[in-house]
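Please study the structure shown below and work through the exercises that follow it. Each task is paired with a solution set out in steps.

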Amino acid sequence: MKTPRLCALCTLLLLHACGGGGASNSTPGTTLNSGTTTGTTTGTTTGTTTGTTTGTTTGTTTGTTSSSTVADNTLSGTISDLQGAPVAGVNVSLFHHNDNSTISTTTDVNGKYSFPNPSFGQNADFALYAEKSGFGFVPAISNSAAIATKFDFNGLYRTVIRFQTLPTGHVTGANFSALRAGDKLVSVPRTGQSNSYAAGDDGLVKQGVGWPVKRFKDNADGTVTDQLTGLIWLKNASCFPASVWQTALTNANQLAHGQCGLSDGSSAGQWRMPNINELESLVDVSQHSPAISADSGITNVVLNTAYWSSTTYTAGPSNAMSIRFSDGRWINGAESGSPQFDNVKASSNNMLIAVKNGTTGSVKLMATGVFSGPGGNSYGSGDDANLRLGVQFPYPRFVDNANGTVSDTLTGLTWLKQADCINQNWNDALATVNALSNGKCGLTDGSSAGQWRMPNRAEMLSLSDRAPTFPQASYFNGQYQANTSINGPIIFSRFVVSVFYWTSSTSIGDVTQAWTVYSCDFGVYNAPKTNLSYALAVR
């Protein structure tokens, strides 16, 4: 198997701009394309809260905040858990993008906080984020002036409430939902694997949300609805000829009723090129040639050319993520002997299958993590970063349980924290994971053999955050910018860079191979089961 292009250069990229968003960060401590100086900000709640930030000028900014008294000009909100109970003691930070300064306060017993008379001025760019040990937080905004988005803080990608222009007067509704370990915002669906090839594998365990009995519905108007995800797909998968990425992006944006056999009444702007999570959702790992469910109703799937996604490749914006549907393998670079599979935006001629929003399905798809704005980039109207579709990530997303496990508040899955403990061939790694228990691989969680499993393809992919952070393994290790000394909280311990991690899903095109996820780009690639590779464990 050919090592994915660019990822094979991980060692080199660690010394260059692929790590953690490069020089385009907007953060307390580093201005855009600027050096770093230090300042101190002080905010007072019922007592006095003092926080140190790194700003663009040297000096001290003092602001008074109150959780119980509301002034005439305040910015306020409430933080509650998923059951609606208030969460006290949450540190809420108000970051001013114009001068990279921050003030902070904490929520009171009613989960309320406020910033009286923010001293930055009205026409300013603000970002709010929340932090408390043991919790993840996701915006739950009830104010139309704000948006939920990501912000790059020196390579640490926080999900924030952003006011690009702060309204005058009392601004309310800047709310967050708090998530604990075990909470989740999305459920991971099954992969479709139906046959088992070893004890504890995907085909035996069949982990995830089950598919509808009839997953796809032909709408008799040139479209099919996926009742698992709710997405509506163009039925004719070869209506558009193979083209470069920008042409395909434009074709998707301009698709409308009367084209490609459509009689659905749609207009230009309703259709789009799918992001990589949406395109991946079509893959049925029990099928090949094409690797799409037999009842999909999607016709004319081209097998000797990849299909574009609207998600730009993290390590190099000249490439976009793509999938071939002969077997469901992701494409990152020309294959030896198969140069038709490539993902260079300006020169690769790949196919397009367009998608549009439909009704609510059995599952919600998670966002990819890419975004536009400070630290992120869009590369064309209607691309993934521009639209940011899917369920947005909590911040912090992962909760360290201090027992050798970490919990993902996006998916509700619990993972083995030690990422380099298991390094075996596929069958042996499956057996090791199945026997994993308290006392092994750093576990002090009381778990017993049989409670852990090797993640299937969908579960392993669910770990990914495709913000401008590369290699992703380094990000999990707490190294946010590979070419600097900037580091942050460790999510996994010793996640190995530039290696393939097993999934429990077999490649049906060749059952002597299994699907792996590459630790740099988190793309999916098939590998012989006899290879030595690393494995995580999940439950």
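The exercises below concern a predicted model and go from the whole chain to single residues.

**Exercise 1. The chain as a whole**

Task: State how many helices and strands the chain has, and what share of its residues count as buried.

Solution. 
Step 1. The chain has eight helices and 27 strands.
Step 2. It is made up of 539 residues, of which 59% count as buried.
Step 3. Among contacts between residues at least 6 apart in sequence, 66% join residues at least 24 apart.

**Exercise 2. The faces of helix 6**

Task: Identify the buried residues of helix 6, and determine how they are arranged about its axis.

Solution. 
Step 1. Helix 6 covers residues 426-434, and its buried residues are Trp426, Ala429, Leu430 and Val433.
Step 2. Viewed down the axis of helix 6, these buried residues fall within an arc of 105 degrees, so they line one face of the helix.
Step 3. The elements they pack against are strand 23 (422-424), strand 24 (500-506), strand 25 (513-518) and strand 27 (533-535).
Step 4. At the N-terminal end, helix 6 is capped by Asn425, which has a side-chain oxygen 3.2 Å from the backbone nitrogen of Asn427.

**Exercise 3. The disulfides**

Task: Find the disulfides of the structure, and decide for each cysteine whether it is buried or partly exposed.

Solution. 
Step 1. A disulfide is a covalent bond between the sulfur atoms of two cysteines. The structure holds two disulfides.
Step 2. One is formed by Cys239 and Cys260, with sulfur atoms 1.9 Å apart. This pair links distant parts of the chain, 21 residues apart: Cys239 is in the loop between strand 15 (232-234) and helix 3 (245-254), and Cys260 is in the loop between helix 3 and helix 4 (276-280). The link is left-handed, with -75 degrees about the S-S bond.
Step 3. Buried means under 20% relative accessible area. Cys260 has 17% and is therefore buried, whereas Cys239, at 26%, counts as partly exposed.
Step 4. The other disulfide joins Cys421 to Cys441, with an S to S distance of 1.9 Å. Here too distant parts of the chain are linked, 20 residues apart: Cys421 lies in the loop between strand 22 (414-416) and strand 23, and Cys441 in the loop between helix 6 and helix 7 (457-461). With -70 degrees about the S-S bond, this link is left-handed.
Step 5. Cys441 counts as buried because its relative accessibility is 13%, while Cys421, at 31%, counts as partly exposed.

**Exercise 4. Nonpolar cores**

Task: Name the residues that touch the most other members of the largest nonpolar core.

Solution. 
Step 1. In soluble globular proteins, nonpolar side chains tend to be buried together.
Step 2. The largest nonpolar core has 67 residues, and Phe492 and Phe495 touch the most other members.
Step 3. Leaving out residues up to four places away in sequence, Phe495 touches a set of residues including Met460, Phe476, Tyr501, Phe522 and Leu536.
Step 4. Another core, of 23 residues, lies apart from it; among its members are Val92, Leu94, Ala124 and Ala146.

**Exercise 5. Backbone features**

Solution. 
Step 1. Pro396 is in the loop between helix 5 (384-387) and strand 20 (398-400).
Step 2. The loop between helix 7 and helix 8 (472-476) holds Pro471.
Step 3. Phe522 lies in the loop between strand 25 and strand 26 (524-528) and is buried, with a relative accessible area of 0%.

**Exercise 6. The surroundings of Asp327**

Task: Determine whether Asp327 is buried or exposed, and list its contacts.

Solution. 
Step 1. Asp327 is placed in the loop between strand 17 (320-323) and strand 18 (330-331).
Step 2. Its relative accessibility is 14%, so Asp327 counts as buried.
Step 3. The side chain of Asp327 makes a polar contact, at 2.8 Å, with the side chain of Arg324.
Step 4. Setting aside neighbours within four places in sequence, Asp327 is in contact with His288, Ala291 and Trp515.

Definitions and conventions: Residues are numbered from 1 along each chain as its sequence is written. This is a predicted model: local features need pLDDT of at least 70, side-chain atom pairs count only at pLDDT 80 or more; totals for chains, interfaces and linings use all residues. Side-chain values use heavy atoms; hydrogens and water are left out. Buried means under 20% relative accessible area, exposed over 50%, partly exposed in between (1.4 Å probe, protein chains only). Helices (H or I, at least four residues) and strands (E, at least two) are DSSP runs, numbered from the N terminus. The arc is that of the directions from the helix axis to the C-beta atoms. Contact means heavy atoms within 4.5 Å. A polar contact is a pair of N or O atoms within 3.5 Å; within protein, one must be able to donate a hydrogen and the other to accept it, and residues adjacent in sequence count only if both atoms are side-chain atoms. A disulfide is a pair of cysteine sulfur atoms within 2.5 Å. A nonpolar core is a set of buried Ala, Val, Leu, Ile, Met, Phe, Trp, Tyr and Cys residues joined through side-chain atoms within 4.5 Å.
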